[in-house]
Amino acid sequence: MVFATLEHILTHISFSTISIVITTHLITLLVRELGGLRDSSEKGMIATFFSITGLLVSRWISSGHFPLSNLYESLIFLSWGFYIIHMIPKIQNSKNDLSTITTPSTILTQGFATSGLLTEMHQSTILVPALQSQWLMMHVSMMLLSYATLLCGSLLSAAILIIRFRKNIDIFCKNKNVLIKTFLFSEIEYFNAKRSAFKSTSFPNYYKYQLTERLDYWSYRVISLGFTFLTLGILCGAVWANEAWGSYWNWDPKETWAFITWTIFAIYLHSRTNPNWKGTNSALVASIGFLIIWICYFGINLLGIGLHSYGSFPLPSN
């Protein structure tokens with residue numbers, strides 16, 4: 001009872017805080033001078049992180065197993081993973097450029113988990129025998145971290161496509177380059193060196209180029225990290241499958257779509273080595289990957305078929 005109350009409180013604190021954070025973030029984008037609000041936004045993200053962490057820990061203690069046994073818990077962990085991505089620029093001692101993606105992703109994911117799922121799905125249940133393994137934490141956590149990372153990277157690539165196919169980018173310049181301000185290069189010295197060269201040659205879309213290069217920089221690095229998580233998750237899952245079902249690979253729907261996801265992003269990373277594919281073409285591949293991830297993670301759960309049906313939506317009782 002105590003843990004249930006604690007979970008309820010932490011859920012509402014985290015959701016309320018992240019709602020305030022995204023509102024504050026939008027205000028700071030529109031009003032450049034309000035630097036204090038930007039600091040408050042970062043503090044709000046920290047408070048959200050500790051609230052979600054406390055929620056996961058309390059469920060872990062109360063249930064006796066790592067809280068990744070159903071769709072609700074996986075969505076909460078996914079929102080926690082978005083915050084981990086949010087912290088990447090800080091690790092590199094650069095300005096937080098990913099908050100435009102990670103903050104809305106956190107609130108949408110947690111909002112759906114809190115309000116979009118049936119109340120019965122919020123309850124922690126006893127693990128089925130196949131899930132009672134030390135591989136649960138390693139496999140599922142790696143897969144969810146890969147989903148969070150690859151989703152962020154794919155959204156950055158989708159932004160590249162939107163910007164490059166726009167016929168007019170003047171609106172960004174007239175509004176004091178609000179979007180460019182959000183995605184400023186951490187390696188600012190690199191662009192300072194090239195800025196005069198572009199301006200001296202009357203480069204017509206200098207600001208558009210700067211923005212797309214920034215997006216491309218982060219997209220590649222975030223997707224590379226996510227691909228590593230995905231590879232580790234699939235390998236751990238294969239070992240676990242051999243222990244539970246006697247076979248490393250069964251071409252289960254979840255396994256099949258995980259392999260398709262891995263293939264798509266392997267093609268993306270390979271295309272980055274070809275100068276002719278780097279840029280718009282590779283961004284298109286990553287954008288396709290965004291849809292594939294949701295099919296792999298959420299679409300299969302909707303169908304509730306295969307060996308990975310533990311996190312599916314519950315069927316209505318007769």
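Me: How many helices and strands does the protein have?
Reply: There are twelve helices and zero strands in the protein; helices (H or I, at least four residues) and strands (E, at least two) are DSSP runs, numbered from the N terminus. This is a predicted model, where local features need pLDDT of at least 70 and side-chain atom pairs count only at pLDDT 80 or more, while totals for chains, interfaces and linings use all residues. Residues are numbered from 1 along each chain as its sequence is written, and side-chain values use heavy atoms, leaving out hydrogens and water.

Me: Why is Trp-251 called exposed?
Reply: Its relative accessible area is 54%, and exposed means over 50% (buried is under 20%, partly exposed in between; 1.4 Å probe, protein chains only). Trp-251 is therefore exposed. Trp-251 sits in the loop between helix 10 (206-245) and helix 11 (253-271), and has a positive phi of about 50 degrees although it is not a glycine.

Me: What makes helix 3 and helix 6 oblique to each other?
Reply: The axes of helix 3 (residues 71-86) and helix 6 (residues 135-164) cross at roughly 55 degrees and come within 9 Å. Angles under 35 degrees count as roughly parallel, over 145 as roughly antiparallel, 65 to 115 as roughly perpendicular and the rest as oblique. Helix 3 and helix 6 are therefore oblique.

Me: Which residues make the contact of helix 3 and helix 6?
Reply: Contact means heavy atoms within 4.5 Å. Among the residues making it are Phe-77 and Trp-80 of helix 3 and Leu-144 and Tyr-147 of helix 6.

Technical notes
Axes fitted to C-alpha atoms, helices over the stretch in contact; angles between N-to-C directions.
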